[in-house]
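Work through the exercises below with the sequence and the structure at hand. Try each task before reading its solution.

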Amino acid sequence: MNGLFISFEGIDGAGKSTHIAALAQAFEAQGRAVTLTREPGGTPLAETLRNLVLHEPMDALTESLLVFAARRDHIQRVIAPALAQGRVVVCDRFTDATFAYQGGGRDFDWEVLRMLERWVQARQEPQSPGLPELLQPDLTLWFDLPAAVAAQRLVGARVPDKFESQPGAFFEKVSAAYGLRCAQSPARFARIDAQSSPQTVWRDVLAAVRSKGLLA
Ligand code: TMP
């Protein structure tokens with residue numbers, strides 16, 4: 001059975017978490033082995049880098065280098081081996097988050113990010129005819145929500161990290177950058193209206209996964 005790579009994206013407060021867990025369960029209920037993971041993170045080294053990125057002040061290039069270093073380790077140790085074993089990898093955020101947060105929120109150069117993406121996600125397996133050159137998710141579920149609504153949802157929810165404590169204008173830019181990434185890869189992305197009720201959002205998540213023929 002072929003491995004399957006699904007990422008979830010969206011601004012902080014978009015409400016991805018419960019749906020990520022539910023989708024993992026839906027695959028398991030159909031007999032698929034699932035690897036549930038997140039970025040930045042997913043390996044001991046990447047979790048250490050995550051802690052730095054989320055809590056230490058640094059410029060946007062340093063942030064980008066650290067999230068891509070974390071991603072490299074995550075791909076090598078977790079994602080690529082899991083896909084090679086035919087597992088379903090469900091990942092809370094992937095490279096679109098770097099384009100959205102560093103490229104959009106922090107106005108960092110998209111060309112540099114594209115270069116890092118090519119370096120970090122270049123496929124290693126020599127005998128992979130037919131596979132695209134770069135490792136990318138098979139499907140990206142983008143939870144789209146107005147920044148003001150997300151901010152309202154986050155009030156008092158938890159102690160905010162470096163990104164969660166950014167002003168609304170930052171998340172407007174993050175959102176716009178997600179929109180751009182979605183427009184650049186329409187076949188990979190499914191936009192989910194995250195303003196709907198949790199039941200409707202879940203129905204839309206299932207519909208998006210099924211319409212790609214990824215879940216019966
Ligand atoms: P989360 O796991 O609670 O979503 O927190 C991760 C935070 O890190 C979130 O605010 C988005 C941010 N982030 C980046 O800035 N760049 C990245 O490449 C990734 C994956 C996440």
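**Exercise 1: a loop residue**

Asp59 is placed in the loop between H2 and H3; helices are DSSP runs of H or I with at least four residues, numbered from the N terminus. The model is predicted, so local features need pLDDT of at least 70 and side-chain atom pairs pLDDT 80 or more, while totals for chains, interfaces and linings use all residues. Residues are numbered from 1 along each chain as its sequence is written, and side-chain values use heavy atoms, without hydrogens and water.

Task: Decide whether Asp59 counts as buried, partly exposed or exposed.

Solution: Start with the classes: buried is under 20% relative accessible area, exposed is over 50%, and partly exposed is in between (1.4 Å probe, protein chains only). Asp59 counts as partly exposed because its relative accessibility is 44%.

**Exercise 2: the ligand shell**

Task: Find which helix gives the most residues to the shell around the ligand.

Solution: Helix H2 (44-55), helix H3 (60-84) and helix H4 (95-105) each supply at least two shell residues. H4 gives the most, with 4 residues.
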